Amino acid sequence: RSWMRNVTEPAAVKQLLEYPITSEGYVHTSGDIIGWPLVPNRDTRHFDTNARFILGCWRHWLWTGDKDFLRRQADRLRLAMNYQLEQLHGKDGLIVTPDFKTGRHEDLSNNYWDILPFGHLDAYDNAVFYASLEAMAEIEDALPSDIRYPKSDTYRALAKRAHSRYDEVFWNKQAGRYIGCVDIDGVRHDYGFTFVNLEALYYGLGDSEKARRIYHWMEREPTSSGKADTYTKFIFAPRATTVH
């Protein structure tokens, strides 16, 4: 804890307190740049940023117990959450990206994995959206009573709906794993995304049977190489995808 306080905490807190958010509630993708500096003259915003901002603040509070930090961030956190619920339609159970993020093959991506097909109904974004609902409920419960917003029960109820919708929309029963996205045309994209599945399980999505099938796929089934080398190909981390 002393290492965290002395070396990185001031910069981390400053970044969280000052990180740019638009008046509408969108949390910037790349610092002062609203989108990702990848393709000129295109809207390159990622739509997992709001959830990750909420999760970052939540984790900082869990680590430090700093309720003054939560108080200072309360309005920004609520603005970021409201953007997910309203502009991205999260109040219906899953966030849906704006239409220019189609999720089609070779279109612009929608999140950190910026050369892979994600968008529209995006399993990666929705995993962190689900997590941000749970985090925001805890944040609201922890805020001082003079600024507490009676929404924690609403967030928890919506998290249950998001969990159900996530399994309904993204689970590939035949393959035993979550897909990457359903694009704007209704096409399901599944290239064996290990990072989608691991992050979904980490945040509590799925159930024990789904977790068993996901690990069976990663541990026992051959990748596009013809070998069961999801874990052994690169040693330091599993393959990102198992399908060519």
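1. The side chains of R52 and D48 form a salt bridge, at 3.1 Å from N to O; the term stands for a side-chain nitrogen of Lys or Arg within 4 Å of a carboxyl oxygen of Asp or Glu. D48 is buried at 3% relative accessibility, while R52 is partly exposed at 29%. Here buried means under 20% relative accessible area, exposed over 50%, and partly exposed in between (1.4 Å probe, protein chains only).

2. A word on the basis: this is a predicted model, where local features need pLDDT of at least 70 and side-chain atom pairs count only at pLDDT 80 or more, while totals for chains, interfaces and linings use all residues. Residues are numbered from 1 along each chain as its sequence is written, and side-chain values use heavy atoms, with hydrogens and water left out.

3. Next, R156 and D141 pair through their side chains at 2.9 Å, N to O, as a salt bridge. This pair links distant parts of the chain, 15 residues apart: R156 lies in helix α5 (residues 152-170) and D141 in helix α4 (residues 123-142). Helices are DSSP runs of H or I, at least four residues, numbered from the N terminus. R156 is partly exposed at 30%, and so is D141 at 37%.

4. As for shared partners, salt bridges join D48, R52 and E199 into one network.

5. K14 and E18 also meet in a salt bridge, at 3.1 Å from N to O. They are four residues apart in helix α1 (residues 2-18), so about one helical turn separates them. K14 is partly exposed at 47% relative accessible area, and E18 is exposed at 51%.

6. How many salt bridges does the rule give? The count comes to 15.

Key: Helices (H or I, at least four residues) and strands (E, at least two) are DSSP runs, numbered from the N terminus.
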